Amino acid sequence: MPLTEPHDDHLRQEDPVDAVRDAGGGAPDETAPPGGAAPEASAPAAGSEESGPGASEAGESVPEAEASGPVQSAPETSGPAAAEGEASAPEPEPVLPEPVRQRIVALTATVLPGLPADEVPVPLRRVAKFAPNRRARLGAPAIAAQLTADPLFRQRITARVLADTGDLGAAVLEGTAPAAADPVEVAALAYLARPRGWRELIEASGAAVRAEADSAVVAELVREAEQRATRAEHDRAVARVEAEKLRDELARVREELGQLREESRQLTRTLRETQARERKATELLATERGRAARAAADADAELRRVRARLAEAEAAAGVARASAKEARSVDDARLWLLLETIGQAAVGLRRELALDPVDKLPADFVADAFADQTAAPAAGAATRARDTDDPARLDQLLALPRAHLVVDGYNVTKRGFGEMSLEQQRKRLITGLGGIAAQTGDEVTVVFDGAERMHGLPPAPRGVRVLFSRKGETADELIRRLVRAEPPGRPVVVVSSDREVADGVRRHGAYPLGADSLLRRLARS
């Protein structure tokens, strides 16, 4: 599809150069009126001195040459010359070689983002936002159509392209092509600038491109012919070598054939001897088969005897299993009788000692009175302590029978959800501990700092004890007293990130864990 508008032969030859020099390398339309009218050098057809947006809005047609590229039309004249110019039909577009067409699109795509937003045609505004490597590839049809349909746009593009090409652009504007210049580049610049004789430049470029293509084809054919000749020479040498090898191989095969004939005669003699031995072996085989048949009959008889013995052994084993089951039943009865005796003895011992069921646990006594601060810990208390900070350890410790979980309340809440109020912190922690108590069945005690018990607290969940430190006492001291009050051997788990609390309860045989272990356990449940 042609990209360009035919050259107007009525244009002055020096106009493109003057337009570029007047623009100073910039876009020629920078001084044009907002309505897209041609510069003042182009006069209206009716001879009026006013042009601009008003003329365009009124529907007056602007001559095609006024908006074509950087080329400016000469003032129109009235009379036969004007009539002859109006009657002349536009020349057909030249057929552009594919490299020239691609170069024109690439030059336009390169300078397209540099145009002001109001000077970019509407169909190309989206193309101008493409990435550089996609603009020429995806926007080629739109760019080609706009260059053909919009001479003013082509003029703006030409001015920027010529400003970037320097001496080559100036030479193309003068209608000449440097000998050392790329013919594709010259043709692309000539198509955009359209100086006098631009069609000849494009034709010359097309001829040069075709000549280069033909030269490349000829060079490729010559190279292929040389390669074929080289391969033929190589194949000829290989064939000679292979022929020599085949001659040697033929001589060797003939020698081997003589040896094989001699071996064949020897094998024939050996075959006759082997056949004689085979007849003897066949006779021996028949004899051995008879012996094997007799041995198989004897083996079947022996197998039947063994199966009979096996049946007898299985019957004896069944009897032995029945006897063992009866003996195990007797042992189970004896064990049950022993356990029942121990249970009755325990009931009797409880009745003898007059032990009543307890309604309080050791931690309940700690909440009522201070324990002796100077008392030494129990002898076996240190055996319960374990130095571990593994969060997964909490589940293992809570799985121990009759475990007691003691929680440093505010130490945990301020670490886990400190953005809440104290009341919300206490409520959230107590609710979560109620779930743990319900799941594990363990005793749970949570301790908060406070001179006196808070009023208006919701009832604690079942299995959860809520304690507040008394006046003059901290929650850390109350936790240590709770640990000391527990009997030796009972697993006590203390949750606090306070190192002093952890060290203190560890000396009394408790299992200290960090606050993060409990927070993760609450988040999981």
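**Exercise 1. Determine which elements cover the buried residues of helix H17, and how those residues are arranged.**

Solution. In this predicted model, the cover over the buried residues of H17 includes strand E1 (404-408), helix H16 (475-485), strand E4 (492-495) and strand E5 (511-513). The next step is to name what is covered: in H17, which spans residues 499-507, the buried residues are Val 501, Ala 502, Gly 504 and Val 505. Viewed down the axis of H17, these residues fall within an arc of 170°, so they line one face of the helix.

**Exercise 2. State how many helices and strands the protein has, and what percentage of its residues is buried.**

Solution. The protein contains 18 helices and five strands. Of its 525 residues, 32% are buried. A further step concerns contacts with a separation of 6 or more: 68% of them are accounted for by residues 24 or more positions apart.

**Exercise 3. Classify the packing of helices H4 and H7 from the angle between their axes.**

Solution. Helix H4 covers residues 98-111 and helix H7 residues 140-149; their axes come within 10 Å and cross at roughly 90°. Angles of 65 to 115 degrees count as roughly perpendicular, and H4 and H7 are therefore roughly perpendicular to each other. The residues that meet are Ile 104, Val 105, Thr 108 and Ala 109 from H4, and Ala 140, Ile 143 and Leu 147 from H7. Sorted by class, this contact has six nonpolar residues, one polar residue and no charged residues.

**Exercise 4. Carry out the corresponding analysis for helices H15 and H18.**

Solution. Helix H15 (residues 422-440) and helix H18 (residues 515-524) have axes 10 Å apart and pack at an angle of about 75°. That angle makes H15 roughly perpendicular to H18. On the side of H15, the contact is made by Leu 429, Gly 432, Leu 433, Ile 436 and Gln 439; H18 provides Leu 518, Arg 521 and Leu 522. By class, the residues of this contact are five nonpolar, two polar and one charged.

**Exercise 5. Identify which residues touch the most other members of the largest nonpolar core, and which elements contribute to that core.**

Solution. The largest nonpolar core has 38 residues, of which Ile 104 and Leu 112 touch the most other members. Two or more residues each are given to this core by H4, helix H5 (122-128), H7, helix H8 (151-165), helix H9 (167-173), helix H10 (183-193) and helix H11 (198-353). The largest share, nine residues, comes from H10. Apart from this core lies another, of 27 residues, including Ile 430, Leu 433, Leu 518 and Leu 522. To complete the picture around Leu 112, residues up to four places away in sequence are left out; Leu 112 then touches Val 120, Leu 124, Val 127, Ala 128, Arg 135 and Phe 153.

**Exercise 6. Locate Thr 176 and Arg 402, and decide whether each is exposed or partly exposed.**

Solution. Thr 176 is found in the loop between H9 and H10. Its relative accessibility is 42%, so Thr 176 counts as partly exposed. The C-alpha atoms of Thr 176 and Pro 195 are separated by 9.4 Å, and the two residues are 19 residues apart along the chain. Arg 402 belongs to the loop between helix H13 (393-398) and E1. With a relative accessible area of 53%, Arg 402 is exposed. One backbone feature remains: the phi of Arg 402 is near 55°, a positive value in a residue other than glycine. Most residues other than glycine have a negative phi.

Notes. Residues are numbered from 1 along each chain as its sequence is written. This is a predicted model: local features need pLDDT of at least 70, side-chain atom pairs count only at pLDDT 80 or more; totals for chains, interfaces and linings use all residues. Side-chain values use heavy atoms; hydrogens and water are left out. Axes are lines fitted to C-alpha atoms, for helices over the stretch in contact, and angles run from 0 to 180 degrees between N-to-C directions. Helices (H or I, at least four residues) and strands (E, at least two) are DSSP runs, numbered from the N terminus. Angles under 35 degrees count as roughly parallel, over 145 as roughly antiparallel, 65 to 115 as roughly perpendicular and the rest as oblique. Contact means heavy atoms within 4.5 Å. Ala, Val, Leu, Ile, Met, Phe, Trp, Tyr, Cys and Pro count as nonpolar, Asp, Glu, Lys and Arg as charged, and the others, Gly among them, as polar. A nonpolar core is a set of buried Ala, Val, Leu, Ile, Met, Phe, Trp, Tyr and Cys residues joined through side-chain atoms within 4.5 Å. Buried means under 20% relative accessible area, exposed over 50%, partly exposed in between (1.4 Å probe, protein chains only). The arc is that of the directions from the helix axis to the C-beta atoms.
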